[in-house]
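Here is a briefing on one protein chain, grouped by topic. Please read it alongside the sequence and the structure.

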Amino acid sequence: MEPMKSTPLFRHSDIFRILKQGLHGQFQQSDRILVIIPDATRTAPIPTLFRGICDHLLGHVDALDFMIALGTHPPMSPEAILSHVEISDQQKTESYGNVNIFNHTWDDPGSLVNLAVISAEEVSHITDGLIERPLPVTINQKILEYDTAIVCGPVFPHEVVGFSGGNKYFFPGISGPEMIDFTHWVGAMMSSRKIIGTYDTPIRRLINRAAQEIPCTRLYVNLVVTDDGLAGMYMGNDGGESWLRAATLSAQLHISWMKHPVQRALAVIPSMYDDLWTGAKGMYKLEPVIADGGEILLYAPHISELSYTHGKILDQIGFHGIEYFKANWEAYQHYPWTVLAHAAHVRGDTTYKDGIETPRIHVSLASQISKERCESVGLRYCNPYSVDLSWWEACKDPEVLYVPKAGEHLFKLTENAGI
């Protein structure tokens with residue numbers, strides 16, 4: 001495996017300096033600004049960015065508000081939001097009393113607006129013929145109340161769109177269920193193993209096309225974050241150029257290339273992922289280097305739920321590969337496509353023949369979720385108390401991989417090095 005790359009890290013003063021340069025002269029006193037930020041499931045210096053943006057703009061524009069790009073993640077509580085931006089109740093009241101911080105509400109039709117409809121013909125062209133149906137461009141209607149939207153978030157390899165960041169913070173970040181379902185399902189049809197860590201994908205092109213319908217000005221702050229800190233920060237009005245620069249650095253820092261696949265891998269799921277819906281990123285980032293018939297063990301003793309938002313549906317449909325769902329489409333087409341896509345991503349590539357589904361690899365879950373529930377949805381169960389982390393960490397077997405913080409760093413094989 002290639003060694004991890006290193007790059008100089010940004011200090012708080014560097015972040016403030018870049019923000020000052022990027023924001024200077026951009027706005028008038030009458031402007032209303034909405035800053036879109038990730039929730040706590042993404043590693044990013046959100047407190048520093050929050051303070052920096054407020055320092056430069058608060059009092060110099062008519063309105064400065066923030067929105068958390070939840071997608072379908074659960075809303076953050078008022079206490080969690082204050083912790084997320086690292087301010088106290090007193091600071092919120094006194095220093096930031098005029099700053100609103102909204103949760104996106106993807107499942108409230110009254111909070112959404114339809115900006116346009118991308119035609120079935122154009123959708124088919126953008127997705128290379130994978131799907132041909134019209135796509136409503138639905139988004140949180142609050143965006144219509146602002147002159148400029150500042151997208152502020154990290155760029156990582158991503159299972160649905162190739163690399164996260166940029167316009168993904170609009171779609172699916174603050175969009176309606178139609179766009180969320182559509183993008184995730186198309187991504188699942190292509191498979192995570194093929195998409196993840198790839199710059200140009202049909203889904204990226206689709207969300208970039210949808211973003212053209214947003215009526216306000218857009219400014220992007222694309223971040224590249226490592227375990228050690230902020231390694232890259234790219235600002236620009238052109239989301240494509242600044243995003244690509246960030247994605248290029250992300251590819252250098254967030255992808256480890258391996259010459260040979262491994263039979264077994266242990267992914268230690270960090271506490272910022274509090275259900276399997278988010279914690280499954282540990283599987284997506286390791287799947288490309290697992291040999292046929294191999295196993296990924298997701299070690300997440302803190303996780304007790306498949307999904308706080310979609311758990312009941314996952315219990316009904318289970319985890320299956322995309323070929324299974326397509327072969328049984330009449331039974332599954334009425335379920336949310338986002339959930340079907342997630343189930344397919346977690347299961348990984350499978351074959352389905354003569355009514356029998358065969359997974360390429362096995363996924364085991366060591367968490368608080370019971371053996372009975374794991375097996376009922378098609379996952380293997382492992383007692384978390386039986387996992388010896390010290391053994392995994394010390395293991396020198398070349399067919400064994402130990403990842404102490406899984407979810408944001410991607411592992412790929414050099415034979416699939418084209419990205």
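Helix α6 buries Met-179, Ile-180, Asp-181, Phe-182, Thr-183, His-184, Trp-185, Val-186, Gly-187, Ala-188 and Met-190. Buried means under 20% relative accessible area, exposed means over 50%, and partly exposed lies in between (1.4 Å probe, protein chains only). The model is predicted: local features need pLDDT of at least 70, side-chain atom pairs count only at pLDDT 80 or more, and totals for chains, interfaces and linings use all residues. Residues are numbered from 1 along each chain as its sequence is written, and side-chain values use heavy atoms, with hydrogens and water left out.

- Because 11 of the 14 residues of α6 are buried, the helix is largely enclosed by the rest of the structure.
- Helices (H or I, at least four residues) and strands (E, at least two) are DSSP runs, numbered from the N terminus.
- At 1.5 Å a residue, α6 (residues 177-190) should span 20 Å, and its end C-alpha atoms are 20 Å apart, which agrees.
- The expected span of a helix is 1.5 Å times one less than its number of residues.
- Ser-191 follows α6 and has a positive phi, near 85°.
- Ile-203 lies in helix α8 (residues 202-211).
- At 1% relative accessibility, Ile-203 counts as buried.
- Leaving aside neighbours within four places in sequence, Ile-203 is in contact (heavy atoms within 4.5 Å) with Val-160, Val-161, Thr-183, Val-186, Gly-187, Met-190 and Ile-195.
- Ile-203 and Ile-131 are 72 residues apart in sequence and 11 Å apart in space, C-alpha to C-alpha.

**Helix α2**

- Helix α2 (residues 46-57) has 12 residues and reaches 16 Å from first C-alpha to last, close to the 16 Å expected at 1.5 Å a residue.
- 9 of its 12 residues are buried, so α2 is largely enclosed by the rest of the structure.
- The buried set is Ile-46, Pro-47, Thr-48, Leu-49, Phe-50, Gly-52, Ile-53, Cys-54 and Leu-57.
- Gly-59 follows α2, with a positive phi near 90°.

**Aromatic rings and charges**

- A pair of aromatic rings is described by the distance of the centres and the angle of the planes.
- Rings of Phe, Tyr and Trp (its six-membered ring) pair if their centres lie within 6.5 Å; planes under 30 degrees apart count as stacked, over 60 as edge-to-face and the rest as tilted.
- By this rule there are 13 aromatic pairs.
- In one of them, the rings of Phe-50 and Phe-66 have centres 4.8 Å apart and planes at 45°, so the pair is tilted.
- Phe-50 lies in helix α2 and Phe-66 in strand β2 (residues 63-68), so the pair ties together parts that are 16 residues apart in sequence.
- Phe-50 and Phe-66 are both buried.
- Tyr-324, Phe-325, Tyr-332, Tyr-335 and Tyr-352 form one aromatic cluster.
- A charge sits over a ring if NZ of Lys or CZ of Arg is within 6 Å of the ring centre and within 35 degrees of the ring normal.
- Arg-32 lies over the face of Tyr-146, at 5.4 Å from the ring centre.
- Lys-142 places its charged end over the ring of Phe-102, 4.3 Å from the centre.

**Nonpolar cores**

- A nonpolar core is a set of buried Ala, Val, Leu, Ile, Met, Phe, Trp, Tyr and Cys residues joined through side-chain atoms within 4.5 Å.
- The largest has 98 residues; Phe-170, Phe-171, Leu-298, Phe-319, Phe-325, Leu-379 and Leu-401 have the most contacts inside it.
- Helix α15 (residues 337-347) gives the most to this core, with 7 residues.
- Not counting residues up to four places away in sequence, Phe-319 touches Leu-276, Leu-306, Leu-314, His-342, Ala-343, Val-346, Arg-347, Val-377 and Leu-379.
- A second, separate core of 37 residues includes Phe-50, Phe-66, Leu-70 and Cys-152.

**Strands**

- Two strands pair if DSSP finds at least two bridges between them.
- 5 strands form an open sheet in the order β17-β16-β13-β12-β18, with parallel pairing.
- β17 (380-381) and β18 (400-403) stand at the edges, each with a single partner strand, so one side of each is left without a neighbour in the sheet.
- Strands β12 (residues 262-268) and β13 (residues 290-300) pair in the parallel sense over 6 bridges.
- Strands β9 (residues 217-226) and β10 run antiparallel and are joined by 7 bridges.
- A hairpin of 2 residues links β9 to β10.
- In β10 (residues 229-236), 7 of 8 residues are buried.
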